[in-house]
Amino acid sequence: MLSKIPWTIPLLLVAAVTAGCGAATRQESTDPARLSAGLVAPKNVPGDPTDRQQATIRRLDPALLDALTSATADARADGVTLIVNSGWRSRAHQQRLFEEAVRTYGSEGEARRYVSTPDASAHVTGDALDIGPTEAAEWLSRHGSAYGLCQVFANEIWHYELATTRGGECPEMLPDSSYRG
Ligand SMILES: [Zn+2]
């Protein structure tokens, strides 16, 4: 670690000079010097909406992925980073999540308020996004309808689906996911 300090300090100084008053645009890059200088966003961040290597992103419905891509760029311009904590899920993964919820909440009926079965889950068909962190979910609650993205369950501020047209009006939320069946 100590051996890295002589390299890091000059890089930071270069960054301070080239970034001016923080006007440098963050861009995707794998260039280590630019990464360590904080000038670019690192790749391979879990849930990075632009990283199609990740199945949770790549296997989303194409129209939902388009909406997410637009929203991600506009949020970034506002200084907000959208992260997909969970997008597409396999049926097996959803089944495990549901079984965990049944253990946690004590019954299937109660568990369905928080986690859908594989047959009911929009994540399994690639039609849902769980967005974090909180400030990103809040950004999407204000701006999501511009992309057709809507919060659909009142008790899940992080869960978004393509539920209207771009610029349309989001439907009234369901109280929780058990109302979908
Ligand atoms: Zn969700």
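**Tour: a disulfide and a zinc site**

Start with cysteine 150 and cysteine 170: the torsion about their S-S bond is about -85 degrees, so the disulfide is left-handed. Now locate the two ends. Cysteine 150 sits in strand β5 (residues 149-151), while cysteine 170 falls in the segment after β6 (159-162), so the bond ties together parts that are 20 residues apart in sequence. Keep in mind that this model is predicted.

Show the sulfur atoms next. The S to S distance between cysteine 150 and cysteine 170 is 2.0 Å. A disulfide needs its sulfur atoms within 2.5 Å, and by this rule the count comes to one.

Is cysteine 150 buried or exposed? Cysteine 150 counts as buried, at 1% relative accessibility. Cysteine 170 is partly exposed, with a relative accessible area of 29%.

Move to the zinc ion. Which protein atoms are its donors? Select His123 (NE2), Asp130 (OD) and His159 (ND1). These donors lie 2.0 to 2.1 Å from the zinc ion. Along the chain, their spacing reads H-x6-D-x28-H.

Histidine 123 is in the loop between α6 (108-111) and β4 (129-132). Histidine 159 belongs to strand β6. The pair is 36 residues apart and links distant parts of the chain.

Bring the surface back for the last stop. Are these two histidines buried or exposed? Histidine 123 is buried, and histidine 159 is buried too.

Terms used. Residues are numbered from 1 along each chain as its sequence is written. This is a predicted model: local features need pLDDT of at least 70, side-chain atom pairs count only at pLDDT 80 or more; totals for chains, interfaces and linings use all residues. Side-chain values use heavy atoms; hydrogens and water are left out. Helices (H or I, at least four residues) and strands (E, at least two) are DSSP runs, numbered from the N terminus. Buried means under 20% relative accessible area, exposed over 50%, partly exposed in between (1.4 Å probe, protein chains only). Donors are N, O and S atoms within 2.8 Å of the metal (3.2 Å for Na, K and Ca); water is not among the atoms, so sites may look incomplete.
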